[in-house]
Amino acid sequence: MFKYILVFVLTSAISAAALANDAARAEARQVFNLKDGSTLYIFNDGKMAMEDRYGRAARMKPDTVMETRDGQKIMMHGDEVMRLESL
């Protein structure tokens with residue numbers, strides 16, 4: 001019985017994380033995958049938020065240059081950590 005409860009809890013946690021990622025992608029105007037495995041979200045107002053490779057909202061200093069997987073360079077404007085965490 002304990003195994004079934006544990007499997008249910010773990011499956012629920014994974015599902016919740018996947019749904020949170022979908023909400024962030026739906027809210028963002030553009031989404032970029034960065035070379036280090038992070039994800040950059042650009043919202044409609046031009047502000048940005050970054051998620052580390054483990055799916056956690058990460059703080060980034062303004063005017064930091066990041067490189068996408070395809071070699072494009074993007075400068076960070078507006079650190080919207082709380083906006084990403086709420087999604």
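How many bridges pair β3 and β4, and in which sense? Two strands, 2 bridges, antiparallel.

A caution before going on. This is a predicted model.

Now the overall layout. The protein has 2 helices and 6 strands. Along the sequence the pattern reads α-β-β-β-β-β-β-α. There are 87 residues, and 28% of them count as buried. The accessible surface is about 6,100 Å², with 58% of that belonging to carbon and sulfur atoms. Take the contacts with a separation of 6 or more: 38% of them join residues 24 or more positions apart.

Next, the sheet. It is open, it has 4 strands, and the order is β1-β2-β3-β4. The pairing is antiparallel. At the edges sit β1, residues 30-33, and β4, residues 57-58, each pairing on one side only. In general, strands of a sheet pair through backbone hydrogen bonds, either parallel or antiparallel.

Go through the pairs. β1 and β2 run antiparallel, joined by 4 bridges. Here Q30 stands opposite I42 in β2. The hairpin of these strands has 5 residues between them, and G37 takes a positive phi near 95°. β2 and β3 are also antiparallel, with 4 bridges. There L40 stands opposite M50 in β3. This hairpin has 5 residues between its strands, and in the turn G46 has a positive phi of about 90°.

T39 and Y41 point one way. L40 and I42 point the other way. All four are buried.

That brings us to the cores. Which residues make up the largest nonpolar core? There are 11 in all: F32, L34, L40, I42, M48, M50, A58, M60, M66, I74 and M76. Strands β2 (39-42) and β3 (48-51) each supply at least two of this core's residues. A second, separate core has 5 residues, among them Y41, F43, A49 and L84. The general background: in soluble globular proteins, nonpolar side chains tend to be buried together.

Back to M50. Leaving out residues up to four places away in sequence, M50 touches L34, S38, T39, R56, A57, A58, M60, M66, M76 and L84.

M76 comes next. This residue is in the loop between β6 (73-75) and α2 (81-86). Is M76 buried or exposed? Buried, because its relative accessible area is 0% and the cut-off is under 20%. Beyond four places in sequence, the contacts of M76 include L40, M48, A49, M50, M60 and M66. T64 is on that list too. M76 and T64 are 12 residues apart in sequence, yet 5.3 Å apart C-alpha to C-alpha.

S38 lies in the loop between β1 and β2. At 5% relative accessibility, S38 counts as buried. Its side chain makes a polar contact with the side chain of D36, at 2.9 Å. Beyond four places in sequence, S38 is in contact with F32, N33, M50, E51, D52 and R53.

G71 sits in the loop between β5 (65-67) and β6. With 36% relative accessibility, G71 counts as partly exposed. G71 and L34 are 37 residues apart in sequence, and their C-alpha atoms are 8.9 Å apart.

Last topic: charges. How many salt bridges does the count give? It comes to 3. E67 pairs with K35, the closest N and O atoms being 3.2 Å apart. This pair links distant parts of the chain: E67 in strand β5, K35 in the loop between β1 and β2, 32 residues apart. E67 is partly exposed at 28% relative accessible area, while K35 is exposed at 53%.

E67 also meets K73 in a salt bridge, at 3.4 Å, N to O. K73 counts as exposed, at 57% relative accessibility. Through shared partners, salt bridges join K35, E67 and K73 into one network.

The remaining pair is R56 with D52, with the closest N and O atoms 3.0 Å apart. D52 is buried, with a relative accessible area of 17%. Recall that D52 is also among the contacts of S38.

Conventions:
Residues are numbered from 1 along each chain as its sequence is written. This is a predicted model: local features need pLDDT of at least 70, side-chain atom pairs count only at pLDDT 80 or more; totals for chains, interfaces and linings use all residues. Side-chain values use heavy atoms; hydrogens and water are left out. A nonpolar core is a set of buried Ala, Val, Leu, Ile, Met, Phe, Trp, Tyr and Cys residues joined through side-chain atoms within 4.5 Å. Buried means under 20% relative accessible area, exposed over 50%, partly exposed in between (1.4 Å probe, protein chains only). Contact means heavy atoms within 4.5 Å. Two strands pair if DSSP finds at least two bridges between them. Accessible areas come from the Shrake-Rupley method with a 1.4 Å probe; for residues, only the protein chains shown count as cover. A polar contact is a pair of N or O atoms within 3.5 Å; within protein, one must be able to donate a hydrogen and the other to accept it, and residues adjacent in sequence count only if both atoms are side-chain atoms. A salt bridge is a side-chain nitrogen of Lys or Arg within 4 Å of a carboxyl oxygen of Asp or Glu.
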